[in-house]
Amino acid sequence: MDLDSNNSTKNISAPHYRITQGVGVPIVLLHGWGGSMMSWASLEQRLIDVGHTVVVVDFAGFGMTPEPPINWGIYEYAQSIKVLLDELGCDKYNLIGHSFGGRVCLILGNDKRINNIILSNAAGIKPRRGIKYYAKIWSYKFKKKLEISTSKAGSADYRALSTTMQAVFVKIVNQHLQSHLNSIKANTLIVWGDKDKTTPLYMAKKLNKGIKGSGLIVLKNAGHYSYMEHGDKFFAIVESFFGD
């Protein structure tokens, strides 16, 4: 989908951000769902310490950026980042996206200004569903039909969201992005924890297969936050892959 020609992405503002000026191609850090720019605090500081220009953002509804309209989905979030990069005048940039931030990277992946992308335990691949999942869906629909309270439906994280963010979350998790993979032209490296239960390793393998020329690094004994759990390794990977 061409963001610039999509009516739903018109008149979108840039999110709250912080930029630290250094040298070389800016590195843009996109956090996961429920996080904020602070999710990257350790990596951000290490990148700054070695002289990189670093941009971190708070996606709409997180950190210091207000909640979006109730009809937002992944394309609107991606457009907000594109607006920010336009405002910053970035003619080239590198992207690192974790989980939800990885979803946004998949949408932005055909932007010709991108040098390189690192996907860290990225979301966006349609999950495999077992019988327990479909049983929960059936139970929810049955209760709705009988007008039984469903206020405890969904995960604790979902129930903690505002009504607006619940609607946005539901829209996003049902936007599967496999069709975008073959349009990604930037050099792409996929970094994953082998113990990830949120976005299991089979999703990394699907990304690797679908994104032409991409590489895959699996971090042993790491979960969904592998970039934190193996901070030294992840930093070394970033420095090697983004080397100008």
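Modeller: One term before we start: buried means under 20% relative accessible area, exposed over 50%, and partly exposed in between (1.4 Å probe, protein chains only). This is a predicted model, where local features need pLDDT of at least 70, side-chain atom pairs count only at pLDDT 80 or more, and totals for chains, interfaces and linings use all residues. Residues are numbered from 1 along each chain as its sequence is written, and side-chain values use heavy atoms, with hydrogens and water left out.

Biologist: Is Tyr77 buried or exposed?

Modeller: Buried. Tyr77 has a relative accessible area of 0%. Phe59 is buried too, at 0% relative accessibility.

Biologist: How many aromatic pairs are there?

Modeller: The count is 11 aromatic pairs. Rings of Phe, Tyr and Trp (its six-membered ring) pair if their centres lie within 6.5 Å; planes under 30 degrees apart are stacked, over 60 edge-to-face, the rest tilted. Take Phe59 and Tyr77: the ring centres are 5.8 Å apart and the planes sit at 80 degrees, so this pair is edge-to-face.

Biologist: Which parts does that pair tie together?

Modeller: Phe59 is in the loop between β3 (52-58) and α2 (74-88), and Tyr77 is in helix α2, so the pair links parts 18 residues apart in sequence. Helices (H or I, at least four residues) and strands (E, at least two) are DSSP runs, numbered from the N terminus.

Biologist: And what about Tyr77 with Phe100?

Modeller: Edge-to-face, because the planes are at 85 degrees, with ring centres 5.1 Å apart. Phe100 belongs to helix α3 (residues 100-108), so this pair joins parts 23 residues apart in sequence. Both Tyr77 and Phe100 are buried.

Biologist: Which residues form the aromatic cluster?

Modeller: Trp33, Phe59, Phe62, Trp72, Tyr77, Phe100 and Phe169 form one cluster.

Biologist: Switching to helices. At what angle do α2 and α3 cross?

Modeller: Roughly 75 degrees, and their axes come within 9 Å. Axes are lines fitted to C-alpha atoms, for helices over the stretch in contact, with angles from 0 to 180 degrees between N-to-C directions. α2 and α3 are therefore roughly perpendicular (65 to 115 degrees; under 35 is roughly parallel, over 145 roughly antiparallel, the rest oblique).

Biologist: Which residues make the contact?

Modeller: Contact means heavy atoms within 4.5 Å. Among them are Tyr77 and Ile81 of α2, and Phe100 and Val104 of α3.

Biologist: Last one. Where is Ser80?

Modeller: In helix α2. Ser80 is buried, at 2% relative accessibility. Not counting residues up to four places away in sequence, Ser80 touches Ile12, Ser13, Ala14, Pro15 and Trp72.
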